[in-house]
2 protein chains.
Amino acid sequence: MNRTNLCSSLAAFALVAAVSIHAEENLPPPGTMAAVVAASKADDWRPLDPERTLYLDLESGRVVFELAPLFAPLHLANLRLLSKAGWFDGLSINRVQDNFVTQWGDPTSQRPLGKAEAKVSPEFEREWTSDLRVTVLPDGDVYAPTVGFLEGFPVAGDRARSRIWLTHCYGALGVGRDTAIDSGNASELYVVIGHAPRQLDRNITVLGRLVLGAELLAALPRGSAPAGFYATAPERTPIKRLRFAADVPVADRLALEMMRTDTEAFAALIESRRNRRDEWYHLPAGKIELCNVPIPVRERR
Amino acid sequence: MNRTNLCSSLAAFALVAAVSIHAEENLPPPGTMAAVVAASKADDWRPLDPERTLYLDLESGRVVFELAPLFAPLHLANLRLLSKAGWFDGLSINRVQDNFVTQWGDPTSQRPLGKAEAKVSPEFEREWTSDLRVTVLPDGDVYAPTVGFLEGFPVAGDRARSRIWLTHCYGALGVGRDTAIDSGNASELYVVIGHAPRQLDRNITVLGRLVLGAELLAALPRGSAPAGFYATAPERTPIKRLRFAADVPVADRLALEMMRTDTEAFAALIESRRNRRDEWYHLPAGKIELCNVPIPVRERR
């Protein structure tokens with residue numbers, strides 16, 4: 001197949017910036033995501049907030065996450081304590097299970113947590129209060145009565161119960177736990193690197209979402225021990241440091257902005273993905289599943 | 001591939017073989033997939049047919065696919081001609097796009113196709129005839145009226161139109177094409193390595209499904225050129241050879257068997273995944289999405 005095809009599909013986090021930079025010389029086809037991005041206005045975007053942006057620095061580069069205080073404020077606070085203390089620095093990625101998760105933390109469970117709590121109350125779901133502006137998707141979901149986006153996160157909810165929760169789409173950042181539901185404390189984190197394991201929803205605290213650098217976690221060698229853990233210590237990928245953006249010097253921060261998910265531009269983006277207008281598509285699906293909606297990210301203008 | 005490697009490459013499909021081997025000493029919890037597998041009978045399994053089993057041999061090991069003559073007989077025949085002629089040998093993996101596909105073929109489009117056809121009629125869907133025994137999933141689907149399993153493949157269908165097709169779940173093996181719908185010929189193949197891009201369903205010919213060795217394709221470095229193509233030739237992963245199992249010496253074949261998907265055992269497996277009984281789960285989902293149902297594979301007994 002030629003490089004032009006199969007997908008001009010901008011998978012999540014893809015080539016939005018490059019496309020829009022060249023928009024004036026080379027207009028993208030009408031109705032495509034590239035056209036939606038090219039037509040977007042400055043206030044269709046929002047900068048990442050350093051107080052809830054997390055950098056995982058590896059030898060191979062930086063992975064960027066956006067955290068969700070709306071859903072996991074307690075875990076976020078505990079993670080802030082750990083990261084401020086440099087708790088993760090020098091630890092490692094210990095588990096990569098194909099089509100499931102990449103997970104990191106202390107492989108020996110020996111490092112003292114310092115000021116951070118060892119147990120944090122589960123934040124598996126929250127109340128769906130009337131102030132939450134959810135952009136609801138029109139095509140339903142296998143797992144939940146309602147799905148959509150809230151402040152840049154793919155969410156599911158049950159209006160009848162007034163409950164809403166973060167979902168395990170590709171790139172979801174979660175808090176590892178043992179069998180006890182309060183045994184997670186954000187010292188063990190994982191990110192989804194395969195088909196959305198939605199059966200985890202409401203069983204574990206989701207803390208945020210990957211924004212940039214997915215390939216640094218998804219292309220790691222899979223572990224050969226049960227559940228994808230590495231069988232030997234040298235296989236583990238060292239963590240240089242894990243920090244909130246607010247805790248690193250301004251010069252060391254990335255200036256990124258995300259497309260807002262409560263705008264007409266984002267509604268147009270959803271439609272551009274429900275019905276693909278790229279020339280390659282023979283039969284637009286006319287539907288879209290929650291975890292197939294990309295949220296564009298680009299360098300801040 | 002020795003036994004250790006085989007078991008370790010079962011990651012995507014869980015550790016079924018290892019679990020069942022130890023079932024007598026260490027019974028898995030009732031209602032779990034491990035328990036279903038442990039309780040299965042010999043005729044709940046079927047051997048892979050060498051006439052429709054494909055081996056992609058890389059330096060890192062062997063990737064095994066099962067092909068679907070029910071859905072793509074013309075492409076399968078063309079691929080057989082190509083593989084018998086050693087057409088793929090010495091070519092390479094040219095594209096790895098994160099959360100999307102790994103793709104291989106001739107990066108220069110120069111190698112003559114020999115006896116194989118350059119254009120093959122699209123096999124995007126087929127008639128849903130009354131002889132097809134589909135195991136229908138009970139929880140619906142965002143993209144199609146009906147989904148389930150047919151002879152080991154995740155399928156979607158529309159009974160009102162009497163049409164059925166293979167879906168783009170993780171591990172789906174597809175035939176790259178250009179914009180013209182008959183421009184695919186199986187000389188360019190891709191496998192899904194991310195969240196199911198179901199918008200591709202019925203837009204491209206799906207030829208089969210990955211059975212073993214997913215990690216050899218999913219953990220490759222992502223390409224930095226547009227759409228995940230490698231920017232330079234040295235980044236490409238060489239292909240040692242691609243062959244149907246029937247065309248390699250018996251001693252070089254893997255003896256594998258898959259759980260049948262039209263049995264009570266498989267129905268029990270689906271239920272074990274709809275409602276996870278593993279002690280860890282706090283709230284079983286009560287639902288399952290097509291691409292989250294694993295099909296166990298193991299060494300042939």
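Predicted model: local features only at pLDDT ≥ 70, side-chain atom pairs only at ≥ 80, totals over all residues.
Two strands are taken to pair if DSSP finds at least two bridges between them. In chain A, strands β4 and β5 form a hairpin, with four residues between them. Within the turn, Asn99(A) has a positive phi of about 55°. Most residues other than glycine have a negative phi.

Strands of a sheet pair through backbone hydrogen bonds, in either a parallel or an antiparallel sense.

Strand β5(A), residues 101-105, is largely enclosed by the rest of the structure, because five of its five residues are buried. In a regular strand the side chains alternate between the two faces of the sheet. From β5(A), Val101(A), Gln103(A) and Gly105(A) point one way, whereas Thr102(A) and Trp104(A) point the other way. Residues on both sides of the strand are buried.

With neighbours within four places in sequence left aside, Val191(A) is in contact with Val101(A) and Thr102(A), with Gly171(A), Ala172(A) and Leu173(A), and with Leu210(A) and Leu217(A). The largest nonpolar core comprises 169 residues. Val191(A) is among the members that touch the most other members, together with Val155(A), Leu207(A), Val155(B), Val191(B) and Leu207(B). In soluble globular proteins, nonpolar side chains tend to be buried together.

An open sheet of five strands is found in chain A, in the order β6-β10-β9-β8-β7 and with antiparallel pairing. Its edge strands are β6(A), residues 126-127, and β7(A), residues 135-136, each of which pairs on one side only. Strand β7(A) is joined by two bridges to β8(A), residues 146-150, and the two run antiparallel. The bridge partner of Val136(A) in β8(A) is Gly148(A).

In chain B, three strands form an open sheet in the order β1-β15-β16, and the pairing is antiparallel. The edges are formed by β1(B), residues 45-47, and β16(B), residues 297-299, each pairing on one side only. Neighbouring strands of this sheet are turned against each other by 35° on average, direction ignored. Three bridges connect β1(B) with β15(B), residues 256-259, in the antiparallel sense. Arg46(B) stands opposite Met258(B) of β15(B).

Several loop residues were also examined. Ser183(A) is found in the loop between β11(A), residues 172-175, and β12(A). With 15 other C-beta atoms within 10 Å, Ser183(A) is partly exposed. Not counting residues up to four places away in sequence, Ser183(A) touches Lys119(A), Arg177(A) and Asp178(A). Ser183(A) and Glu59(A) are 124 residues apart in sequence, and their C-alpha atoms are 30 Å apart in space.

In chain B, Glu151(B) lies in the loop between β8(B), residues 146-150, and β9(B), residues 153-158. Glu151(B) has a positive phi of about 50° although it is not a glycine. This residue counts as partly exposed, with 19 C-beta neighbours inside 10 Å; a residue is buried if 20 or more other C-beta atoms lie within that distance. The loop between β9(B) and β10(B), residues 163-166, contains Ser162(B). Phi of Ser162(B) is near 55°, a positive value in a residue other than glycine. Ser162(B) is exposed, having 12 other C-beta atoms within 10 Å.

Between the chains, 50 residues of chain A are in contact with 54 residues of chain B. The side of chain A that touches chain B has 23 nonpolar, 15 polar and twelve charged residues. Of the interface residues of chain A, 82% are also interface residues in chain B, so the copies meet through the same surface.

Terms used. Residues numbered from 1 in each chain as written. Chains lettered and ligands numbered in written order. Contact = placed C-beta atoms within 7 Å. Axes fitted to C-alpha atoms, helices over the stretch in contact; angles between N-to-C directions. Core = buried A, V, L, I, M, F, W, Y, C linked by C-beta atoms within 7 Å. Nonpolar A, V, L, I, M, F, W, Y, C, P; charged D, E, K, R; others polar.
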